[in-house]
Amino acid sequence: MTVSLAIPSKGRLNEQAIAALAGAGISVAPAENARSYRTLVSGAPGLEVLLLSASEIARELRDGAIDFGITGEDLIRETVPEPDSAVDIVARLGFGHADVVVAVPDAWVDVETMEDLSDVAGSYRARHGRRLRIATKYWRLTQSFFTRLHGIQSYRIVESLGATEGAPAAGSADIIVDITSTGSTLTANHLKILTDGVILKSEACLVRSNRVERDAEDAALMAELAGRFG
Ligand SMILES: Nc1ncnc2c1ncn2[C@@H]1O[C@H](COP(=O)(O)OP(=O)(O)OP(=O)(O)O)[C@@H](O)[C@H]1O
Ligand SMILES: O=P(O)(O)OC[C@H]1O[C@H](OP(=O)(O)OP(=O)(O)O)[C@H](O)[C@@H]1O
């Protein structure tokens, strides 16, 4: 009987994830081998706590390779094709707040809403000889927001794995979809969020994978653990 739970191994979510577990009576200490992905756990017999990157946790939940994970809702919604059936958000943990937003150059003074942007996208090819380019690492969230929610068909996603806010000034994209918390990176790059351009208000969540069949004992342990975060 073992239930696995992964927490971010480093970065901005690591310490608060450990504190969230402590609040649920689960204490996690580094393994004797500091490079190990395993930890020493007390307060929850049968629970194994693993250290993985925030984005890896989302993939492992999607694949059913771990039972629980603590990671950002943005990474879950971006990584898991059908999040509402594949995983359950057991608890929103109140840290790691960040918004996934659509931002355009400040200089686009006539573009304040998604409707304005839809007009721009519709005429972009005629005016500029190519489709509107959106820099992002959030492909799935962007496509769903632009195409499904706002009916915008004419755009091209330019994959960006870092310094996304710099893409418009660098000329590799026209607008961006990225995460923001204080807004200072957007401001520094002369970008503004559209008034209805918040795609997702994300925070760190305890997430359960629904991908695996569990025996009664594991299911009971999982229910007991989830209940501690209620
Ligand atoms: N200011 C911020 N910038 C980026 N991510 C933030 C911010 N505030 C909170 N987060 C959240 O932190 C999570 C990303 O955490 P972190 O940066 O540690 O992961 P990562 O380094 O991107 O993961 P990986 O190591 O897999 O690349 C996301 O869920 C994101 O929503
Ligand atoms: O709204 P703000 O408070 O300015 O934060 C937003 C910025 O912070 C993050 O980058 P970070 O520099 O942390 O690098 P990372 O994305 O590689 O973790 C994120 O990717 C944004 O660029």
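Which side chain has an N or O atom 2.7 Å from an oxygen atom of ligand 1? That side chain belongs to R12, and R12 turns up again below, at ligand 2. The model is predicted, with local features needing pLDDT of at least 70 and side-chain atom pairs counting only at pLDDT 80 or more, while totals for chains, interfaces and linings use all residues. Residues are numbered from 1 along each chain as its sequence is written, chains are lettered from A and ligands numbered from 1 in the order in which they are written, and side-chain values use heavy atoms, with hydrogens and water left out.

First, the overall picture. Of the 230 residues, 46% are buried, where buried means under 20% relative accessible area, exposed means over 50%, and partly exposed is in between (1.4 Å probe, protein chains only).

Now for ligand 1. It is surrounded by 15 residues, and R12, S53, S55, D74 and S181 are the closest; a residue counts as near if one of its heavy atoms lies within 4 Å. A polar contact here is a pair of N or O atoms within 3.5 Å. On its own, ligand 1 has 620 Å² of accessible area, and the protein covers 74% of that (Shrake-Rupley method, 1.4 Å probe). Helix 2 (54-63) and helix 3 (73-79) are the elements that give two or more residues to this shell. By class, the shell holds 5 nonpolar, 7 polar and 3 charged residues; Asp, Glu, Lys and Arg count as charged, Ala, Val, Leu, Ile, Met, Phe, Trp, Tyr, Cys and Pro as nonpolar, and the others, Gly among them, as polar.

Ligand 2 has its own set of neighbours: R12, E165, D178, I179, T180, S181, T182, G183, S184 and T185. An N or O atom in the side chain of R12 is 2.3 Å from an oxygen atom of this ligand, and a polar side-chain atom of E165 is 2.6 Å from one. S181 uses its backbone instead, with an N or O atom 2.8 Å from an oxygen atom of ligand 2. The protein covers 57% of the 490 Å² of accessible area that ligand 2 has on its own. Strand 10 (175-180) and helix 8 (184-188) each supply at least two residues of the shell, and strand 10 gives the largest share, 3 residues. The shell splits into 1 nonpolar, 6 polar and 3 charged residues.

G171 lies in the loop between helix 7 (167-170) and strand 10, and counts as partly exposed because its relative accessibility is 40%. G171 and L5 are 166 residues apart along the chain, and their C-alpha atoms are separated by 42 Å. D215 is in the loop between strand 12 (204-209) and helix 9 (216-227); with a relative accessible area of 43%, D215 is partly exposed too. D215 and M1 are 214 residues apart in sequence, yet 8.9 Å apart in space, C-alpha to C-alpha.

Terms used. Polar contact = N/O pair within 3.5 Å; in protein donor to acceptor, adjacent residues only side chain to side chain. Helix = DSSP H or I, 4+ residues; strand = E, 2+ residues; numbered from the N terminus.
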